[in-house]
Amino acid sequence: MTALLLVEQTLNGLQLGIMLFLMSAGLTLVFGIMNLINLAHGSLYMIGAYFAAAFLTLTGSFLLAAPLAVLATLAIGVAVEITVLRTLYARDHLDQVLATFGLILFFNEGVRLLFGAESLYLDLPPGLKGQVEIVPGAPYPLFRLVIIFVGLAVAAALYALVQKTRLGALIRAGASNREMVGALGVDIPRLFTLVFGLGAALAGLGGVMAGPIVSVQTGMGEEILILAFVVIVIGGIGSVRGALFAALAIGILDTMGRSFLAEILALFLPREAAQTAGPTIASMLIYLFMAAILFFRPRGLFPPKVR
Amino acid sequence: MTLLTVEGLSKRFGGVVACDQVALEVRPGELHAVIGPNGAGKTTLLNLLSGELLSDEGRIALDGREIGALDAPARAALGIGRSFQITSVFGEFTAHENVALAVQARAGHSFRFFAEARRERALADGARDMLERMGLGERANTPAAALSHGEQRQLEIAMALAARPRLLLLDEPTAGMGPSESARMVEFLASLKGTIAMLLVEHDMDAVFALADRITVMTYGRVIATGSPDAIRANDEVRAAYLGTDS
Amino acid sequence: MGARFAAFAILALLAAVPAIAALLDQPFYLDIFGRAMVYAIAAISLNLILGYGGLISFGHAAFIGIGGYAVGILSVNGIDDVLLQWPAAIGAAGMFALLTGFVVLRTGGAHFIMITLAFAQMLFFLFTSLELYGGDDGLSIPHRGTLAGFKVLDSPVALYYLVFAVLAGALALSARLVESRFGMVLRGCKSNERRMRALGFSTFRYKLAAYVLSGALCGFAGALLALESEFVGPSVLHWSRSGELIVMVVMGGMGTVFGPLFGALAYLMLGHFLGDLTKHWHVILGPVLILIVLYARGGLAGLFARLGKRP
């Protein structure tokens, strides 16, 4: 019984970790290369989910709606980059925080205007709906497995992109030494738009895949955004590898904490105290984890080399 | 007797050895110049001495006391002051406030929350004296950002001196200055000789040979010679490595 | 000295609000302006580290929450004199600042923003999961407490003037602080920390002290907010509140003594005004913020100062 629960919760943790990675990868790249703190990254996640809902109503097919939604989010991301964010790269962090806070307010309220205040629920096609038994006796929702596989595939593709291609070489160089990339005669604005679009598409993909398993509502983006911030400061800002590692760690730690902490505490504490303290501590667990890591490694686990 | 003793000091950045087994002595009151081509590790050496960087190996002693493990504020509190190669003043403060803040650094703690700092006689007087000495008296109430480049360089030195260091590390004090400003700075540094020990990193060879009591020559992170200006001029290795192209 | 003149005019108006409210028979003016003053106090606290110290805290709402919950939890448990509640609120907020300060201040710049945000979110979830004290729904404060044994706080006017006094005190405090030795060190850290260290200042401990001071003052604001609204809930420390505080400080004019007062009032008035036009007023506010960032640095304090200089 507990072993099966453990398997199930590990998968849940993995799935949350994958989601966080999709958010964090873009966030950390955009910060590492453009030195931009983009609070509105969560809005792209939300926009992805709402586009998925809209295209699903329009086409009636999730498999069609999903890629359309990712493309549409990418387009929004590029548009925002060109109109607002581009002018912010050279500004200080406070300006970036304020302007992207303004973007959040705009997008959250805009979505509420267009789609109403109620949460939306996305229906999966029959083929993705069911459960599979990975271990006998432990049924697991098929779609969550799909999320894990898609996420791992994206992580692998991203790794190949960053490590093996010319674009990737520029990205890596840009994360550690911005001036050098400029000196190489690269079209910097194009590179930045490209990187931002990539990040937007990843966030959108996260939102699209989250759509069927959470309620789609305004504010959903910021919840995951703050978790993604935790992920990238633990991983080391600018490091995709760090983001992957930290995202999975956070996903699993959070999920495990919520499912098992009360019972673990009950081994040491009176049952009632454990039942009260368990959920409370579980809700703070990842932040305490972050504090502990940063206390010993202020720049995170995999800080990109400067110089 | 020496004020500053440096032995076997090394610092690596990745694969690059910026300082390699550097040994150096500065005597009280002397002006000791460090010269060498670009990339010789001179600024890294200053950063290691001021505590902005920590060395990988080697020892640094000030007046017999080991300071290699201390951070920059602690070393400053023991009497190591410095100026920066890139002008480093508080732009929105007036010249007077810049220097007063430097005086404040060595005049008791700063956990005083209510009394107006500008009304403290000791801070204000110390700052004014220092500005007068630097010839900046008339610019006291000008925001530092509005001073000319040369004046900012002077302010930079005034701040370093206002903290009353025993050893002053000077990173190219005449950088970017015109000939007349440069000459004034050299004159001023000459007037300090004997009262305070100085370690001077400088590219202007005329200034170095006019000012220095002793000179240390570095190339590629290593010390290749130390001696009096005359001895350095006559040193073949130095000529080959460095001076041959320059003078 | 246009900004100072504007500030005293505003303070005089605020002092007259109870009379005006009584005259016009609009008692809710007291609520609106009472709340505005509390947010002004919180903005003053943020301005100390943001405007003068250059530390961008995106988690200041956490301190409002701590102060509010300190009052709420104490009064639910029967401790209802504010002379006990306030020190508890201020102390708890200062303690949280001290503990988190050790982590957040070891890093700089962008890290600081993200980590303060994360710690505030941690408290948000902590209070949300505190079922004993209302959880999600928040905590109603059974009755306003006493002040040194006197039941004066039940009078809205008395409470209003109490908050007014705290606001005036906070303004005076920050005006003195920024000109003190400590204030000079703080401003020096913002301008050029490397230089400060080379001069011999151990900048970490000064920044930590400023962070604790700022958190404690913000905790006081939180205690007053809970007292005014007789309620405290997770919503007061929602991350967007921290963002709003930054907006107030910047709108008013960072690193100026009176800027936070202007900013808090302007932001809340703007909210009321736009809110009357449409309930979707954030759609307008968002782009307005972006425009302010792109084109109007210096805030209202800068504007007033420019107006004051005009013949």
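Biologist: In this predicted model, which residue of β4(B) is the bridge partner of B:Ser10?
Modeller: Start with the strands. β1 (residues 4-13) of chain B pairs with β4 (residues 57-62) of chain B in the antiparallel sense, over five bridges. In β4(B), the residue that bridges to B:Ser10 is B:Glu57.

Biologist: And which residue in β2(B) stands opposite B:Val6?
Modeller: β1(B) and β2(B) run antiparallel and are joined by seven bridges. In β2(B), the residue opposite B:Val6 is B:Leu24.

Biologist: Which residue in the turn of the β1(B)-β2(B) hairpin has a positive phi?
Modeller: The hairpin leaves two residues between its strands. One residue in that turn has a phi of about 60°. The residue is B:Gly14.

Biologist: What is the strand order of the four-stranded open sheet in chain B?
Modeller: β2 (16-26) and β5 (65-66) of chain B each pair on one side only. The pairing in this sheet is antiparallel. Read across, the order is β2-β1-β4-β5.

Biologist: What angle does helix α1 of chain B make with β2(B)?
Modeller: α1 covers residues 42-50 of chain B and packs on this sheet. The helix touches β1, β2 and β4 of chain B. Its direction and that of β2(B) make an angle of about 65°.

Biologist: Now the six-stranded sheet of chain B. What is its strand order?
Modeller: This sheet is open, and its pairing is mixed. Its edge strands are β6 (80-82) and β10 (222-227) of chain B. On average, neighbouring strands are turned by 20° against each other, direction ignored. The order is β6-β7-β8-β3-β9-β10.

Biologist: Which residue in β8(B) stands opposite B:Leu168?
Modeller: β7 (residues 167-171) and β8 (residues 197-201) of chain B pair in the parallel sense. Five bridges link them. Opposite B:Leu168 stands B:Met198.

Biologist: What angle does α1(B) make with β7(B)?
Modeller: α1(B) packs on this sheet as well, touching β3 (31-35), β6, β7, β8 and β9 (214-219) of chain B. Compare directions with β7(B). The angle is about 150°.

Biologist: Why is chain B as compact as a globular protein of that length?
Modeller: Chain B holds nine helices and 10 strands. Its C-alpha trace spans about 60 × 40 × 35 Å along the principal axes. For 247 residues the globule rule gives 18 Å, and chain B comes close to that, so it is as compact as a globular protein of that length. Its radius of gyration is 18 Å.

Biologist: How many residues of domain 2 of chain B are in contact with domain 1 of chain B?
Modeller: Domain 1 is 1-79 + 165-247, and domain 2 is 90-163. Their centres are 26 Å apart, taken over C-alpha atoms. Domain 1 gives nine residues to the contact, namely six nonpolar, two polar and one charged. From domain 2 the number is eight.

Biologist: Which element gives the most to the side of chain C that touches chain A?
Modeller: Here 35 residues of chain C are in contact with 37 residues of chain A. The elements of chain C that give two or more residues are α5 (109-129), α9 (239-252) and α11 (282-295). The side of chain C divides into 25 nonpolar, nine polar and one charged. With 14 residues, the element that gives the most is α5(C).

Biologist: What ipTM does the predictor give the complex?
Modeller: Take chain C by itself first. Its average pLDDT is 91, and 97% of the residues score at least 70. For the complex, the pTM is 0.93 and the ipTM is 0.91.

Technical notes. Residues are numbered from 1 along each chain as its sequence is written. Chains are lettered from A and ligands numbered from 1 in the order in which they are written. This is a predicted model: local features need pLDDT of at least 70, side-chain atom pairs count only at pLDDT 80 or more; totals for chains, interfaces and linings use all residues. Two residues are in contact if their C-beta atoms, placed from the backbone, lie within 7 Å. Ala, Val, Leu, Ile, Met, Phe, Trp, Tyr, Cys and Pro count as nonpolar, Asp, Glu, Lys and Arg as charged, and the others, Gly among them, as polar. pLDDT is the predictor's confidence in each residue, from 0 to 100. Domain bounds come from an automatic or database domain assignment. Two strands pair if DSSP finds at least two bridges between them. Axes are lines fitted to C-alpha atoms, for helices over the stretch in contact, and angles run from 0 to 180 degrees between N-to-C directions. The radius of gyration is taken over C-alpha atoms; the globule rule is 2.2 Å times the number of residues to the power 0.38.
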